[in-house]
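Visitor: Can you walk me through this one? I'd like to start with the strands.
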Amino acid sequence: KENWVMVQDCRIFYVLSGKAELYMPDLHYSLIPGVLFYCHTANSYNLVSDGMECICLNFDLTQENNMHTTIYPRISIAGVINVSHKAVTKNTHFKEDNFFSTHLFIPNAAEYLNVLNVILKEFAMKKIYYKEACSGILKTLLTNLYRHSICTTDNSVDAVSKVLDYITSNFDKPITNQLLSEITNYHENHLNRLFLNHTGTTIHKYILSIRINEAKKL
């Protein structure tokens, strides 16, 4: 247990080369090229590697200790990682969603590499407002990671897209859960749960918001 790391800030690892074994309580992940791992403060892990090159972002969601001023675009990790220092961030929990308060493992995350490099470039060049730029890009990245965590199948994404398209085109007509269920071939209750996970609101509330916005335009 002396080699376990208690995460003191939020971290994103993207593996470029090599390999590492990452252990969490009751969990084990193999970190190989193309893997992205996100971990929130107050989580703990044990990282063991004979040699791994990675991009690592450390950031503070609370903005209470915005002290990061040094960039290491390529971090080489070898041996057993053993970190011991005082906490620098407050544990943050979001009201509605628990993704940001936990961890995420994405096996094939090549689509996020370009975004990570943009953040590194902004931070390295330090142009005017670079911190604000990095913050905006990072928020977009975190949003996409969250969407990835809830979009488990392509079928569910297609079903929600069909509902969104139908509501947008037919908001001025009667729309029932039964009708939407027939369009997507999903049970009404399951469809509503999928819609809530993907959009953050219920089908009923979404329909109301569309109608209210259209009424305001008129």
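Guide: Two strands pair if DSSP finds at least two bridges between them. Helices (H or I, at least four residues) and strands (E, at least two) are DSSP runs, numbered from the N terminus. This is a predicted model, where local features need pLDDT of at least 70 and side-chain atom pairs count only at 80 or more, while totals for chains, interfaces and linings use all residues. Residues are numbered from 1 along each chain as its sequence is written, and side-chain values use heavy atoms, without hydrogens and water.

Visitor: How many bridges join E2 to E5?
Guide: 13, and the two strands run antiparallel. Cys10 stands opposite Phe59 in E5.

Visitor: And E2 to E4, how many there?
Guide: Four, again antiparallel. Tyr14 faces Leu36 of E4 across that pairing.

Visitor: What about the hairpin of E2 and E3?
Guide: Two residues lie between the strands, and Asp26 takes a positive phi near 70 degrees. Tyr23 is opposite His28 in E3.

Visitor: Switching to the largest nonpolar core. Which residues touch the most other members?
Guide: Ile12, Leu36 and Leu145, out of 22 residues. Such a core is a set of buried (under 20% relative accessible area, 1.4 Å probe, protein chains only) Ala, Val, Leu, Ile, Met, Phe, Trp, Tyr and Cys residues joined through side-chain atoms within 4.5 Å.

Visitor: Which element gives the most to this core?
Guide: H2, with six residues.

Visitor: What does Ile12 touch?
Guide: Contact means heavy atoms within 4.5 Å. Beyond four places in sequence, its partners include Leu36, Ile55, Leu116 and Leu145.

Visitor: Which residues does the second core include?
Guide: Phe13, Val15, Phe37 and Cys39 are among its 15 residues, and it is separate.

Notes: Buried < 20%, exposed > 50% of the residue type's maximum accessible area, 1.4 Å probe, protein only.
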